[in-house]
Each structure stands twice: as structure tokens, then as C-alpha cells.
Amino acid sequence: GLYNVLYSVTLEVLPSKIRPQGIALMGVVNPACRFVVVQLFHRMKASFLGLHGTFWFYGACCVVLAVVLGLFVPETKGLSLVETEDKMSQAFLDKR
């Protein structure tokens, strides 16, 4: 699910200098987001959305995230972490 995707993106995209801090931040943010989702699920299910609407909402969130990842996260298949870091650094410098 999304849990693994976020850690993979964090590992591959962040520069090696800040990668440990990024992973630590993901270790705090990810469980906090899961807590919020679990707390909201029952409230959403009891609201006008109902069970089906709640699952459609979370499904739509997954589709939006997949589109954002597909558009903004570069392909790193077959690249080492050093090559990925160089590619990301060059993309950042090109935008400046």
C-alpha cells in the first residue's frame, strides 16, 4: 500500500545528507497520518457519506496520490542511489 511507497520515495529521492532526517520524519508523520485516518473512518462512515462513500473517498485519495507521484517523482528503475541523487540534483539546478 501507500505505506511502503512513501518510504521508497523517501529513500530514493532525498539526498544522502538529509536522508536519515527524512526517514525519521516519515517515522513520525506516517503513524500520525494513519492515526488520523483511523479516527476519521468511523465518523465518515456515520456521516452522510456512509460506508460506500467513505471507501470511494479514500480510493479517490489513492488515485490523486498515484497521479501526483507519477507526474512529479522521477523514474529511478535501474539507477543506483548515487545516480538517483545526481539526477535529482541536476533537476533541481535546472529549475533554478
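What share of the 96 residues of the protein chain count as buried? In this predicted model, the share that counts as buried is 15%. The accessible surface of the protein chain comes to about 7,400 Å², and carbon and sulfur atoms account for 71% of that surface.

The protein chain contains 4 helices and 0 strands. Read from the N terminus, the order of elements is α-α-α-α. When contacts between residues at least 6 apart in sequence are considered, 38% of them join residues at least 24 apart.

Helix α2 spans residues 19–46, and several of its residues were examined individually. Arginine 19 is found in this helix. Its relative accessible area is 12%, which is under the 20% limit, so arginine 19 is buried. Apart from neighbours within four places in sequence, arginine 19 is in contact with Thr10, Leu11, Leu14, Leu81 and Glu85. Proline 20, which also lies in helix α2, has a relative accessibility of 52% and counts as exposed because this value is over 50%. With a relative accessible area of 7%, asparagine 30 is buried. Asparagine 30 and leucine 6 are 24 residues apart in sequence, and their C-alpha atoms are 8.5 Å apart.

Aromatic rings were considered next. A pair of aromatic rings is described by the distance of the centres and the angle of the planes. The count comes to 2 aromatic pairs. In one of them, the rings of phenylalanine 41 and phenylalanine 55 have centres 5.7 Å apart and planes at 70°. This angle is over 60 degrees, so the pair is edge-to-face. The pair links distant parts of the chain, as phenylalanine 41 belongs to helix α2 and phenylalanine 55 to helix α3, 14 residues apart. Phenylalanine 55 has a relative accessible area of 51% and is exposed. Phenylalanine 57 and tyrosine 58 also form an edge-to-face pair, with 5.4 Å from centre to centre and 65° between the planes. Phenylalanine 57, at 39% relative accessibility, counts as partly exposed because this value lies between the limits of 20% and 50%.

Helix α3 comprises residues 50–72, and phenylalanine 72 is placed in it. The relative accessibility of phenylalanine 72 is 65%, so this residue counts as exposed. Phenylalanine 72 contributes to a nonpolar surface patch of about 610 Å².

The cysteines were examined for bonding. A disulfide is a covalent bond between the sulfur atoms of two cysteines. A search of the whole structure finds 0 disulfides. Cysteine 61 is partly exposed, with a relative accessible area of 36%. Cysteine 62 is partly exposed as well, with a relative accessible area of 37%.

Definitions and conventions. Residues are numbered from 1 along each chain as its sequence is written. This is a predicted model: local features need pLDDT of at least 70, side-chain atom pairs count only at pLDDT 80 or more; totals for chains, interfaces and linings use all residues. Side-chain values use heavy atoms; hydrogens and water are left out. Helices (H or I, at least four residues) and strands (E, at least two) are DSSP runs, numbered from the N terminus. Buried means under 20% relative accessible area, exposed over 50%, partly exposed in between (1.4 Å probe, protein chains only). Contact means heavy atoms within 4.5 Å. Accessible areas come from the Shrake-Rupley method with a 1.4 Å probe; for residues, only the protein chains shown count as cover. Patches are made of residues with over 30% relative accessible area and no salt bridge: like charges are joined within 9 Å, nonpolar side chains (Val, Leu, Ile, Met, Phe, Trp, Tyr) within 5 Å. A salt bridge is a side-chain nitrogen of Lys or Arg within 4 Å of a carboxyl oxygen of Asp or Glu. Rings of Phe, Tyr and Trp (its six-membered ring) pair if their centres lie within 6.5 Å; planes under 30 degrees apart count as stacked, over 60 as edge-to-face and the rest as tilted. A disulfide is a pair of cysteine sulfur atoms within 2.5 Å.
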